[in-house]
Amino acid sequence: MFGAGGGTSSYQEMEDTDLIVMWGSNAREAHPIFFHHVLKAINRGARMFAVDPRRTSTAAWADVWLGIDVGSDIALSNTLAWEIIKSDLYHEHFVAHATSSFDEYVESVEHWTLERGQEVTGVPADAIKQLAHEYATAPTAQLCWTLGITEHHNATDNVLALINLALLCGHVGRYGSGVVPIRGQNNVQGGGDMGALPNRLPGFQLVADPDLRGKFEKAWGTTIPHRPGKHISLMHEAMDEGELRALYVIGENPLQSEADAQQMERRLTGLDFMVVQDLFLTATAEIADVVLPAAGWGEVEGTFTSSERRVQRVRRAIDPPGEARDDLELMSMVARAMGHDWPTPTAEEAWDELRSLSPIHGGMAYERLDESGGLQWPCPTEDHPGTLFLHGRLWEEETGPKAPFSVVDWVPPVDALSEEFPLRLTTGRRLDSYNTGVQSGRYPSPRRIHGVLDLSPEDAEALGVHGGELVRVVSRRGNLEAPVRLDRSLRPGLAFMAVHFPDDTDVNQLTIDAWDPKSGTAEFKATAVRIETLVST
């Protein structure tokens with residue numbers, strides 16, 4: 001946040017805060033370990049608001065649920081902001097001392113009255129007002145989100161809209177208050193930390209900065225391109241245009257995880273060459289030219305980084321099976337096969353190189369990680385304790401660079417509803433399953449809800465279908481058949497499908513690959529569909 005690629009707060013702060021806003025996050029099912037910290041706060045007396053199109057199992061724990069229409073998050077944020085400003089509840093000292101562009105922001109939200117917000121978002125005006133007043137006046141507050149905010153064509157603007165609220169109320173840079181993007185998968189934070197981003201080097205250092213780039217070039221003995229690379233959606237376009245002809249896929253299953261699956265299959269099968277490095281023979285691996293068997297958690301040494309920026313050690317407990325190898329060893333072997341004299345470093349050697357180049361990790365020697373159970377970056381020196389929360393400087397007399405407000409305008413989802421496609425389909429996860437099911441689908445679970453179409457009882461009645469009935473779900477890109485499951489957590493007009501069962505009900509046959517130009521994330525959360533009954537013969 002504000003230039004740092006991680007959440008501002010710690011899990012302990014989540015337990016100690018006064019107010020929690022879970023926005024676009026069914027953390028109870030998608031992030032159950034994190035949600036235990038939320039439950040500790042609730043049991044201690046913290047209040048919680050849930051902003052979500054569905055009345056999820058997370059929303060069931062909330063004091064107030066705001067059932068927002070899919071894709072209207074910016075409209076709700078702007079409405080909350082205007083209510084806070086006009087009620088004179090914003091943190092005047094913090095705004096004046098630590099932020100910039102406030103006047104432009106005020107002008108951009110002043111037409112977002114409670115009445116207009118209700119009309120656009122579907123959330124009752126009284127509920128919007130209640131959230132605005134309680135968030136602004138809470139002594140401390142944590143604003144959390146996940147893929148319900150980021151899997152949209154305007155994902156970055158959605159995030160900026162939420163950050164605006166935190167700046168407006170001074171809920172950042174102090175203990176108990178912050179903004180918390182809960183990461184979508186294990187070690188996603190660590191991947192970003194290590195430079196797995198098209199415009200960043202390890203430690204979130206900009207590729208375009210010649211001084212920063214230069215120290216990496218010196219350490220690595222090579223020239224680094226000064227222009228950012230392509231994010232995943234630009235890579236898709238490059239495949240379409242014939243610019244990108246080969247792909248090296250590590251720990252990813254894009255054939256089944258990307259939007260508009262038919263288009264994705266055409267791209268991957270049209271490549272000249274594809275190598276997949278993975279623990280399992282995924283659907284993507286099955287169409288690859290070369291598959292490299294990787295070792296998994298418990299079979300390797302290294303580090304993971306959590307959503308609270310805590311780096312923790314991972315230790316090998318058993319040897320990898322068969323010919324499986326550590327990713328470090330596999331990539332070193334590939335480099336040597338291509339004519340480069342790459343040794344295979346130990347995990348600690350690779351980590352020490354990283355520490356020498358990334359200031360935020362400089363003080364995190366393996367010995368310290370072992371002794372402490374993990375340290376939170378930034379941790380620049382070996383006598384530094386790590387950082388519990390970020391941006392405390394904003395409250396200091398000399399703040400340094402001010403945190404800017406961002407003017408963001410609401411734009412509806414790309415896949416518009418119509419008479420032909422009248423239902424809004426959104427996607428997500430269930431508690432017992434993980435991503436495309438490559439791992440979790442290999443064992444049975446008594447909690448498993450297999451590939452179904454969740455409908456509200458009202459929509460099912462209007463369509464003349466019943467629970468368990470097989471129907472056809474049709475979007476502008478494709479169709480599939482799935483049994484109906486009646487779900488009272490859904491409001492009329494909203495349908496839901498999980499992403500875990502692509503072999504049975506591949507929801508990405510339906511989703512749209514419209515994507516956010518800033519982050520490259522596709523709009524998985526907002527698909528227009530119709531439901532057709534199947535005529536038995």
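Colleague: Why is the crossing of H7 and H8 called right-handed?
Modeller: The crossing of H7 and H8 is right-handed, so the turn is clockwise. This is a predicted model: local features need pLDDT of at least 70, side-chain atom pairs need pLDDT 80 or more, and totals for chains, interfaces and linings use all residues. Numbering starts from 1 along each chain as its sequence is written, and side-chain values use heavy atoms, without hydrogens or water.

Colleague: How do the axes of H7 and H8 lie to each other?
Modeller: They come within 9 Å and cross at roughly 115 degrees. The axes are lines fitted to C-alpha atoms, for helices over the stretch in contact, and angles run from 0 to 180 degrees between N-to-C directions. Under 35 degrees is roughly parallel, over 145 roughly antiparallel, 65 to 115 roughly perpendicular, and the rest oblique. H7 is therefore roughly perpendicular to H8.

Colleague: Which residues make the contact of H7 with H8?
Modeller: H7 gives Leu114, Gly117, Gln118 and Thr121. H8 gives Ala125, Ile128 and Lys129. Contact here means heavy atoms within 4.5 Å. By class there are three nonpolar, three polar and one charged residues. Ala, Val, Leu, Ile, Met, Phe, Trp, Tyr, Cys and Pro count as nonpolar, Asp, Glu, Lys and Arg as charged, and the others, Gly among them, as polar.

Colleague: What makes H4 roughly antiparallel to H7?
Modeller: The crossing angle. The axes of H4 (residues 73-86) and H7 (residues 114-121) come within 9 Å and cross at roughly 165 degrees. That value makes H4 roughly antiparallel to H7. The crossing of H4 and H7 is left-handed. Ala75, Leu76, Thr79 and Glu83 of H4 meet Leu114, Gly117, Val120 and Thr121 of H7. The contact of H4 with H7 holds four nonpolar, three polar and one charged residues.

Colleague: What makes a run of residues a helix or a strand?
Modeller: Both are DSSP runs, numbered from the N terminus: helices are H or I with at least four residues, strands are E with at least two. The protein has 20 helices and 21 strands.

Colleague: What makes E3 and E6 edge strands?
Modeller: Their sheet is open, has five strands in the order E3-E2-E1-E5-E6, and pairs in parallel. E3 (64-66) and E6 (178-181) each pair on one side only. Neighbouring strands are turned by 15 degrees against each other on average, direction ignored.

Colleague: How do you know that E1 and E2 pair?
Modeller: Pairing needs at least two DSSP bridges. E1 (residues 19-23) and E2 (residues 47-51) have five, in the parallel sense. Met22 has Ala50 of E2 as its bridge partner. H8 (residues 125-137) packs on this sheet, touching E1, E2, E3 and E5 (141-145), with its direction about 135 degrees from that of E2.

Colleague: In what sense do E12 and E13 pair, and over how many bridges?
Modeller: In the antiparallel sense, over four bridges. Gly302 stands opposite Val314 in E13. Their open sheet runs E12-E13-E14.

Colleague: What sets Asn187 apart in its backbone?
Modeller: A positive phi of about 65 degrees, although Asn187 is not a glycine. Asn187 sits in the loop between E6 and H11 (188-193).
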